[in-house]
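Please open the structure in your viewer and follow the stops below in order.

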Amino acid sequence: MYDQLDEACRTTTRQLAGYLTLFQCWIYEHFPSVHQCVTDDTYQETSPRASRWLTSKAHMKGITGAPYRARCDGLTVTDVSWLPYTEHRGVRAFQEISSFQGQLRWGPMIVAVRPERVVRQFGYIQSIPPPPVSARLSQEQIDDRWMEFADHLLPAGQPCLVPGQVSADYIEWFFRISHPFMTPTQAADQQRDAPAADPEDYIQPPSPQVPVAFDPPPYVDDYEGYEAIAQRLERVLNLRIVTAGTELYDIMQDCLTIARGGPSADGTVRARQRRRTDH
């Protein structure tokens, strides 16, 4: 009996180690800037994709703890590899079953699969997904839908013009209902908006505003256009879509100042201006 339990524990440990290795390879594929990845020089595209990476402790050169969380918080859309397996499709083509949406079960364990939340990984523009369906299915119904998966596939969306493209309203929605930062809130930090339990009932609480002194300049060129740009930049900064302290945040803050008629941080750039006439 003890021998059987010991063997079962070893089998479970090997399975968990395999799952963690696959997850580690997935991170390397999609977030190459987060960790220092080491590739196997002998890898061939005819091999399983996960074998491309060397994942033993001897090859791990990443960062841990607070610096790791800060790097994750600083990720932007351009830091993500949305379609990393393009060159591998000649070996293993995309399977339609990967677009199945519904419920899956493994014994008594049931999970919901919602590919409509990650359509950028399929090359489509991400829009706000519909609320989850709360209907409970029997195990027989779940099995039947899986066997007839072709009737429950994610509909084809609008192809991305650039990798990671989203609809105009998606990012603001995502920052309202999700938890986009890993870094723990410090005592001196301003409190972040908590995610709502039900996105349909969510009411946006007041967000702390980015203080920007604004005195309309006497010389402006397309004043309304500059102000429209400034309002959009300020909106992005107030939503904390861009992490404070990053280079992108500083650039956007600089652009906001220029759009409002002030000089750039280095004093070399100012918005083109002409005399404004009041009527």
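Select E29 first: with a relative accessibility of 6%, below the 20% cut-off, E29 counts as buried in this predicted model. R52 counts as partly exposed, at 23% relative accessibility.

Next, display R49 and E45, whose side chains form a salt bridge with an N to O distance of 3.3 Å. R49 is buried at 9% relative accessibility, whereas E45 is partly exposed at 25%.

Move on to R105 and D143, a salt bridge in which the closest N and O atoms are 2.9 Å apart. R105 lies in strand β1 (residues 102-106) and D143 in helix α3, so this pair ties together parts 38 residues apart in sequence. R105 is partly exposed at 31% relative accessibility, and D143 is partly exposed at 29%. Return briefly to E29, E45, R49 and R52, which salt bridges with shared partners join into one network.

Now select E140, D144, E148 and D151, which form a negative surface patch. Of these, E148 is found in the loop between α3 (139-147) and α4 (170-177) and is partly exposed, with a relative accessible area of 47%.

Finally, select A230, L233, L237, Y249, M252, L256 and A259, the 7 residues of the largest nonpolar core. Helices α5 (223-238) and α6 (247-259) each supply at least two of its residues; the largest share, 4 residues, comes from α6.

Key: Residues numbered from 1 in each chain as written. Predicted model: local features only at pLDDT ≥ 70, side-chain atom pairs only at ≥ 80, totals over all residues. Heavy atoms only, no water. Core = buried A, V, L, I, M, F, W, Y, C linked by side-chain atoms within 4.5 Å. Buried < 20%, exposed > 50% of the residue type's maximum accessible area, 1.4 Å probe, protein only. Patch = residues over 30% accessible without salt bridge, like charges linked within 9 Å, V, L, I, M, F, W, Y side chains within 5 Å. Areas by Shrake-Rupley, 256 points an atom, 1.4 Å probe, with all protein chains shown as cover. Salt bridge = Lys/Arg side-chain N within 4 Å of Asp/Glu carboxyl O. Lys, Arg positive; Asp, Glu negative; His and termini not counted. Charge placed at Lys NZ, Arg CZ, Asp CG, Glu CD.
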